[in-house]
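Visitor: I am new to this structure. Please show me how to read it, one feature at a time.

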Amino acid sequence: MTIRYVGATEQQRERMDESQKIIRKCIKDKRAKIPPPLLEELKDMLDDKRTVIEVEVKKDEQLGFPEPSQGNWAHWGSGGGRYIEINSRCFDPWTKKGKEKPPRLTAVLLHEMVHIAGGNELDAESFENILVSEKDGAVPPSKEDEKEFRDCKYCGVYVSMNRKTRRVSFPGTEDTSRAITPSAPRVTVGTLKREQEAPAKKK
Ligand SMILES: [Zn+2]
C-alpha cells in the first residue's frame, strides 16, 4: 500500500484497505470510462510504491466542530497535495432526512483522490457518483457543489458536463499534448444525478 494512515484505529485501517480494494476494482472495470491521465494518477496513488499519500482520520472536534449533535458538522473529507483528511464519521452509517445511509468512506476517499490528482469539484463529484455506488457512500452533488459547477462553467480539469442533459464527458483523444478542438470525439463517462430537490424551507 502506498497510502499511509495517520490517526486511524486498527479497525479504521482495515476499512480503508477494503475501500482501496473497491476503488481499484472500480477503476479497472473495462466499462468505466476514465480519462487516461486521471486513470494514471489514480493507479499511481493506489499501486506505485514511489508515491506516498497520507490519509489522516480526524473527529469533528479536531476539525473545529465541537457539537456535531447539533448538526454542526465539519466536512466529510478534504484533499490536496499528497494529503487527505477523512472525518471519522465516514466510517459510520448516517441519516439524511430521516433515512439511514451507508457509510461514506469509499466514496469520500475516491473523491479526495480525484482532488489530489488535480481535479476540481466537478471532476471529484463526477467520478464519486459515476464510479462508486450509493451503497459505497456516493451522494449526489450538494447545492454548494452545483454552485461551484456553475462558477467553473461546467468544466472540470478532466471532464465537462452538459448542463441540460448533465452528461459528463471528456475529449476522446489519448494524446493530451494535442490541442483539444471542439470537434474532437467525446467519451461519455456517465450522467451526474441531481440531488433530490428538498421542499423549500421557510426561514
Ligand atoms: Zn470536493
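Visitor: Which residue in S9 is the bridge partner of Ser-169?
Guide: First, some ground rules. This is a predicted model, where local features need pLDDT of at least 70 and side-chain atom pairs count only at pLDDT 80 or more, while totals for chains, interfaces and linings use all residues. Residues are numbered from 1 along each chain as its sequence is written. Strands (E, at least two residues) and helices (H or I, at least four) are DSSP runs, numbered from the N terminus. Two strands pair if DSSP finds at least two bridges between them. Here, Ser-169 has Thr-188 in S9 as its bridge partner. S8 and S9 pair in the antiparallel sense, over 5 bridges.

Visitor: In what order do the strands of that open sheet run?
Guide: The order is S7-S8-S9, with antiparallel pairing. S7 and S9 stand at the edges with a single partner strand each, so one side of each has no neighbour in the sheet.

Visitor: How many helices and strands does the chain have?
Guide: There are 5 helices and 9 strands. Read from the N terminus, the elements go β-α-α-β-β-β-β-β-α-α-α-β-β-β.

Visitor: How do I read burial, and what percentage of the chain's residues are buried?
Guide: Count neighbours. A residue is buried if 20 or more other C-beta atoms lie within 10 Å of its own, exposed if 12 or fewer, and partly exposed in between; C-beta atoms are placed from the backbone. In this chain of 203 residues, buried ones make up 30%.

Visitor: How many residues of H4 are buried?
Guide: The count is 11 of 11, so H4 is largely enclosed by the rest of the structure. Among these buried residues are Glu-121, Asp-123, Phe-127 and Leu-131.

Visitor: What do they pack against?
Guide: For contacts, look for C-beta atoms, placed from the backbone, within 7 Å of each other. The buried residues of H4 pack against H1, H3, H5 (143–151), S7 (160–161), S8 and S9 (186–191). H4 lies across S7, S8 and S9, at about 65 degrees to S9.

Visitor: At what angle do the axes of H3 and H4 cross?
Guide: Axes are lines fitted to C-alpha atoms, for helices over the stretch in contact; angles run from 0 to 180 degrees between N-to-C directions. The axes of H3 and H4 cross at roughly 145 degrees and come within 8 Å. In H3, Ala-107, Leu-110, His-111, Val-114 and His-115 meet Asp-123, Ala-124, Phe-127, Glu-128 and Leu-131 in H4.

Visitor: Why do residues three or four places apart point the same way in an α-helix?
Guide: An α-helix has 3.6 residues a turn, so residues at that spacing face the same way.

Visitor: How many residues does the largest nonpolar core have?
Guide: A nonpolar core is a set of buried Ala, Val, Leu, Ile, Met, Phe, Trp, Tyr and Cys residues joined through C-beta atoms within 7 Å. The largest one here has 36 residues, and Leu-109, Leu-110, Met-113 and Val-159 have the most contacts inside it. H3 gives the most to this core, with 7 residues. Leu-110 touches Ile-23, Phe-127, Glu-128, Leu-131 and Val-132, leaving aside residues up to four places away in sequence.

Definitions and conventions: Two residues are in contact if their C-beta atoms, placed from the backbone, lie within 7 Å.
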